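Please keep the sequence and the model in view while reading.

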Amino acid sequence: MNWMIFSPEICCLVTALVFLFLAMAPTDARRDYIVAVALTGLAVCISLAGLYAAGELFHGTYRVDLFSQVFKSLLLMGFFLVVFISSGLSGIEHRYHPEYYMLLSICTLAMMMLVSAVHILTLYVALELSSYSLYILVFLRKGRDQGVASGMKFFLIGASASATMLLGLALLYGATNAAYFRVMVEVVPGVIHQPEVILGLALALSGFLFKMAVFPFHFWAPDVYEGAAHQVAAYISTASKVAVIAVLLRLVALSGGESTHLVHFLAVLAILSMTVGNLTAIAQKDLKRLLAFSSIAHAGYVLVGILCISPEGNVSAMFYAVTVLLLKFTCFLVVIQTAFDGENIDIDRLAGLHRRSPVMALALMTALFGLAGIPPTIGFTGKLLIFVAAMEKGYFALVLIAMFNVVISLYYYLLVVRAAYLLDPPEGAGPLPAMPGAKILAGTLVAAIVVLGIYPTPLIELIRVAAMALG
Amino acid sequence: MHTELAEFPFLSAILTSCLVGLLVIMVLPGHRTREIKWVSAGFSGVTLILSVYLFAAYDQDLGGFQFVERMAWIPRLGISYYNGADGFSLPMLLLTGIVFFTGVLTMWELEHRVKEFFALVFLLVTGVFGMFMALDLFFIFVWFDVSLFPMYLLIAVWGSTRKEYAAMKLTLYLLAGSALILPAIVYLVVQAGMGTFDLVALSAEGTFGPGVQKFAFLLLYIGFGILAGVWPFHTWSPVGHVAAPTAVSMIHAGVLMKIGAFGVLRVGMFLCPEGWQFWAPLMALLATVGIVYGAFVGLSQTDLKYCIGYSSVSHMGIVGLGLATMTVDGINGAVFQMFAHGVMTALFFSSVGYIYDRTHTKIIAELGGLGRVMPVAATYFIIAALTGIGVPCLASFWAELLVFISSFKVYPVYGILAVSGLVVSALFMLRVVQRTCYGPKNEKFAHLMDVSFTLGIPRMILVSVIVLFGLFPSLMLDVIRTATIPFLHRLP
């Protein structure tokens, strides 16, 4: 067995162990932060170095290929970025910081296993491992009540989603007698018209649709975003979404595009998800809740790419994973900078951001226009790829509905831009206290959003090759 | 995909000077307002010089797309960076250069958040220039949207009169337009099955069946038409014009609305000529309603900027009517009208902006006797009004004449209605002039300064352009004709 190809996961595991021991040492938030940044930075480097690694582990239940490695690199980058903005981690008490880093590492490790899992059991174990670490991370929020309430909600809905998914996987296994994906992908298309197979696939998918916060599995999202510490919410909305997109691609590919029922099921969910997400977001006052509803809407857009079940559709969904990662993270960076005390922020609290921190205001505006899919940002390119893929399948109505949703979403994004650029800062509000490196990070993110929006060719080429590994 | 570059990439040079200007403004510290203004004037001047040069250097005997620049951009999707200028785009590029430069000069007295203002204007104009020169559907859409979204902040921060409402309404309306355009573009690209976004390749005869063309043209017509102020999708336009600051009104009414009409022409009519022929009667009907409606509503306005806003709806109707005639003269007239109206509205808003900055009112009843207080400012205003009416020797006269002659041939009823609408619009223009510039002197404004020579420079440029093309319309028509005739020849 070639353990080298397992090195990014090992690196994450080591990080988790290091923090397990640090949790026993005297509290020192500064030390924890530096160690975490160093270790996660190392993990990113290792995963990038092993981008083209390939092979199978654990009796073929675990596949390492370009598809999984691209997603792992994305996950680790998301992880690194979230850790990087944890220097002023004020939403969680200092004594819990080592646990926070440990759980984040375990969660990332689980998600990396998720994207490599090609067996029903590895898939399930990885999913549960990542879910449980996330539940606890939400609980860690300072000022108990909020964290506990939303963590409880997250846990209860998540547990029932897992149960449903398990039922679906059992049905699939019963019908196909296969637990390896590579066997299932051959058997399932032949029996897809049997009701228990299609039901099993739909139920198995719903476990991940829950994590993706697709309507009607989305009810946890706004409360969890609001209740969790900002950094945890950032992690949920970026890294965890990336992993779920990977798994959804794998699972949907099982049907081989043979089932119109499945496509219709996903199409209806996609339409409802974007419409409900966007319309509800309009009414939000809390910025994190607004971002949660926008995540629900974006889950709908991604589903459009996924339900194409074509190479173009897979590429578009993978590209969109990068898009969501960059754009959502930039929004959360601004949230964390503006709410330095770790409290929740209303949109009005952004007032005068353009004077208090021009860089952050610019980053926020770019990210929001990106989320709204306006060129020349990566958000537009992502949507264009999805629309081209859907149009090639002849889903014109779906594209039109998605486009009108984009217009609706623009309204509430503009309300946020308005607060940041139009309102005057409150009396006596000086410049924002800047985290070290935050301005450089914001500048880099803006540059990445625009450059990848205008010139996405290298990224698209990489993703296209990776998507071919999907099968 | 082969790379093709003109000897000197003039078109990219225009975009580059906009972008470099933007970057320089971004790095200058915000309090150095003088430097920012000079930089803006400098770089916008460069774009003006380049666009004048292109207009003059275009080889009319050769025709077709010239100054072509092309290189692969996203090969996987068949997207290329592909620019070129022909008889339709050159007048628009020239117009953009003129309005951009004079717009920057008009805002010389701006003191509030100067850096951001000019940065956003540069971003907007980059989009406008790009849209007029792009020959790849991807870039056409990208530039189209780039030119729209800075409008929100430009109006909401620096505007007046219900500015936030106007900014939001305008942005959502225009983006709703692009929500129709993008699916239509993707639909056409996929239907063609050629794996390319290249507009020239896609516009080859027989690429699309009649059904596809009819469907896509309707989407494109409404999508771009919203921006062109086509009735009944025009309601954002007067509100937006009124709320926007002077330079933004100038660029907006002068150039941005033309992007809509140009999009209908370049994307809709080029790709879907049969769809265009099918829907032309509808276009003519909406255009005529727009002309008459704009004139009558303008008649009842009390706010100076609303008057101009509605006259814009009316004048853009003339463009739509010209395009709907499907004749050489009609299209020539429509493109000429886009140019003439652009320069004219820029002058209009520029002079109203001056008056508003001094008197702090746009209500017609509160003004009056301005001709005695500030004769020069009033003169500019009157010249703009006369151009709007279509007085001979001024640029719009020829444009309107061509459109009306051809519309009489194709749609006699609409032609008569449109001309009578124009009479009403003449009436309201003259009434506005009479009430603001003549009559008893308003003592409240007696102390106000007239336009100084330096502040008058942008207005003088605009007036001389109007007179130049009014006296020598063939300067413009000869260029436009090089594109119109081959285009109509291709039609089945």
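A280(B) is located in helix α12 of chain B, which covers residues 273–299; helices here are DSSP runs of H or I with at least four residues, and strands are runs of E with at least two, numbered from the N terminus. The model is a predicted one, in which local features need pLDDT of at least 70 and side-chain atom pairs count only at pLDDT 80 or more, while totals for chains, interfaces and linings use all residues. Residues are numbered from 1 along each chain as its sequence is written, and chains are lettered from A and ligands numbered from 1 in the order in which they are written.

With 18 other C-beta atoms within 10 Å, A280(B) is partly exposed; a residue is buried at 20 or more such atoms, exposed at 12 or fewer and partly exposed in between, with C-beta atoms placed from the backbone. Apart from neighbours within four places in sequence, A280(B) is in contact with A324(B) and M326(B), contact meaning that the C-beta atoms, placed from the backbone, lie within 7 Å. Between the C-alpha atoms of A280(B) and K258(B), which are 22 residues apart along the chain, the separation is 19 Å.

In chain A, attention turns to helix α16. This helix comprises the 14 residues 358–371 and reaches 20 Å from its first C-alpha to its last, close to the expected 20 Å, a span calculated as 1.5 Å times one less than the number of residues. Because 12 of its 14 residues are buried, α16(A) is largely enclosed by the rest of the structure. Among the elements covering these buried residues are α13, α14 and α19 of chain A. After α16(A) comes G373(A), whose phi is positive, near 75°.

The axes of α14(A) and α16(A) come within 9 Å and cross at roughly 145°; axes are lines fitted to C-alpha atoms, for helices over the stretch in contact, and angles run from 0 to 180 degrees between N-to-C directions. Residues making this contact include L327(A) and V334(A) of α14(A), and A363(A) and A367(A) of α16(A).

Finally, how many residues of chain A are in contact with chain B? There are 26, and they meet 24 residues of chain B. Elements giving two or more residues to this side of chain A are α17, α18 and α20, and α18(A) gives the most, with 12 residues.

Methods. Contact = placed C-beta atoms within 7 Å.
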